[in-house]
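These are my notebook entries on a structure that I examined. I began with the ligand and then turned to a pair of strands.

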Amino acid sequence: MTADSEFKRRTVLKAGSTAVTATFVATRTATPAAAAQTESSVDITLRVNGHDHRLAVEPRVTLLDALRERLDLTGTKKGCDRGECGACTVLADGRRIKSCLTLAVMRQNTEITTIEGLARGDRLHPLQEAFIRRDALQCGGCTPGQIMSGVACISEGHTRSADEIREWMSGNLCRCACYPNIVAAIQDAAK
Amino acid sequence: MRNFTYAAPRNVAEAVRLAGQPGARFIAGGTDLLNLMRDGAQSHGAIIDINGLALGDIVQRNGVIRIGALARMSDVAAHPAVRRSLPVVSEALLNSASPQVRNMAAVGGNVLQRTRCGYFRDSGTTCNKKTPGTGCPALEGENRGHAILGGSDHCLAVHPSDLAVALLAVDAVVLTDRRRFPFADLHVVPGTTPDQETVLGHGELITGFEIPVTPLAARSRYLKLRDRATFEFAVVSVAAALAMRGNTVRDVRLTFGGVATKPWRSPEAEDALRGKPLTTTTITEAGRALVRGAVTRDHNAFKVDLVQRALDGLLRDLGGAR
Ligand SMILES: Cc1cc2nc3c(=O)[nH]c(=O)nc-3n(C[C@H](O)[C@H](O)[C@H](O)COP(=O)(O)OP(=O)(O)OC[C@H]3O[C@@H](n4cnc5c(N)ncnc54)[C@H](O)[C@@H]3O)c2cc1C
Ligand code: SF4
Ligand code: FES
Ligand code: FES
């Protein structure tokens, strides 16, 4: 998928959502992440993909919600919101973590890398390219998490065999069961 | 999740002072606490982030390995001294959760993850652990995952930690801000107060664990059986440490997960082996001794057989039994 078509898809989604604005707003105010600055908010700085972002969040806001709903970095996905699927995987100081299981306030002095931070300009990261070449996705819901986890799996050196990759990628589930192609893509990129 | 105030103290004294306030709770990795708070199973007015404390080191000195409470599961598993001298600890950790969770979770938080079952987080059911005195639906309900050892009529939930089973097998000592005591004394069985899971006081901080380096601990292994190949809690697990003199078992530790309400050591099973040769007969005897006091329910009786087979398999591997 090119950056261009991705942009168009999101524009369409946004336009479509205006039809249900009323309910959307109602749920938004109910979710902690979307709540505007309140008395209980704290000012924090998050360093994401090389940029500092100042924002006010309630302490209960997870890193995942801060990324998606406050910084508009929606590449990081929310699957289960309880540590079980891996869709929300990001790198914290180069180590893979699940952003739904940590609070934004706890990650202030951390260098966060999300899927948006992998490409260098127009040049995709080798693992992103390998995912395309190996057709390692269907719906794409798990893909950003798979790629972030795969990047770390490679840098950790856990790619000596397909079995080893499967074990060390076990924190990332794929409902579309693209596992063979995901393993192949990681093997390619690890070379 | 209810909102809370947040503090990130820089030293142990400050952390303990803040956590001593009513309603306060430490957070380390947050991987257990945040899920419980999200489910509404727990809520705390003040969260005390201990990640700024200097408690993350792993050092070996004077025949003791000291693991700081904030050392991450992944770092402990990969540490050369741990792999060499405490293989059961490294194996138990590598068989826990996922790489991401292991990068986040601290060993102190790991052994304090809550003992519970599926009913606990279900807001629509009663549960003695959630609200004391309301009853335990697991007794007559879904109890396949539940304990056959150490349970009571009040609660049957199993302690979920793999690491705790391993630490019990290597005679670990718990260090807190105010005292030190054997790891075996940390967890308590539910009895009539299932909401009470450890001997720690409110606001007591685990600062680390000390583990003696011994030939026994160096020959140790972990076997975990689960419903899928990986990224799953144990149905049954066994940690064993073995010291042989010729063909005779000089000393042994046998501890178990998935079958009991707390990390479970079986002195009876150990006695069945100590001073004896490791044979099919003695291993079978050890397994029988382990489950002699087992109490089963509708769906978990299979664990009685499964845990004995797991013990058998692990001891053969470790001891080369004939
Ligand atoms: C998807 C998933 C799969 C998992 N699979 C497994 C598995 O297979 N095996 C397994 O063993 N575990 C498993 N776990 C559990 C996981 O290992 C624990 O959640 C984790 O180890 C808890 O550590 P933490 O640092 O995140 O603790 P936190 O969530 O931060 O804290 C847990 C509790 O300990 C208290 N606490 C933390 N540190 C201290 C301290 N130093 N002193 C006093 N109190 C303290 C906190 O107040 C809190 O009550 C899994 C978890 C998830 C989310
Ligand atoms: S087994 Fe324990 S945790 Fe589960 S429902 Fe019964 S009392 Fe609650
Ligand atoms: S959304 Fe974080 S692991 Fe599923
Ligand atoms: S591609 Fe659909 S969940 Fe993985």
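Entry 1, position of the ligand. I noted that the model is predicted. I looked up where ligand 1 lies and found it between chains A and B.

Which atoms of chain B lie 2.8 Å, 2.9 Å and 3.0 Å from ligand 1? At 2.8 Å from an oxygen atom of ligand 1, I found a backbone N or O atom of Ala28(B). For Ile206(B), a backbone N or O atom lies 2.9 Å from a nitrogen atom of the ligand. With Lys224(B), the side chain takes part: one of its N or O atoms is 3.0 Å from an oxygen atom of ligand 1.

Entry 4, cover. On its own, ligand 1 has 980 Å² of accessible area, and the protein covers 96% of this.

I turned to strand S4 (residues 58-61) and strand S5 (residues 64-68) of chain B, which run antiparallel and are joined by four bridges. In one of these pairings, Val59(B) has Arg66(B) in S5(B) as its bridge partner. S4(B) and S5(B) form a hairpin, with two residues between them. In the turn, I recorded a positive phi of about 50 degrees for Asn62(B).

Technical notes: Residues numbered from 1 in each chain as written. Chains lettered and ligands numbered in written order. Predicted model: local features only at pLDDT ≥ 70, side-chain atom pairs only at ≥ 80, totals over all residues. Heavy atoms only, no water. Pairing = 2+ DSSP bridges. Near = heavy atom within 4 Å. Polar contact = N/O pair within 3.5 Å; in protein donor to acceptor, adjacent residues only side chain to side chain. Areas by Shrake-Rupley, 256 points an atom, 1.4 Å probe, with all protein chains shown as cover.
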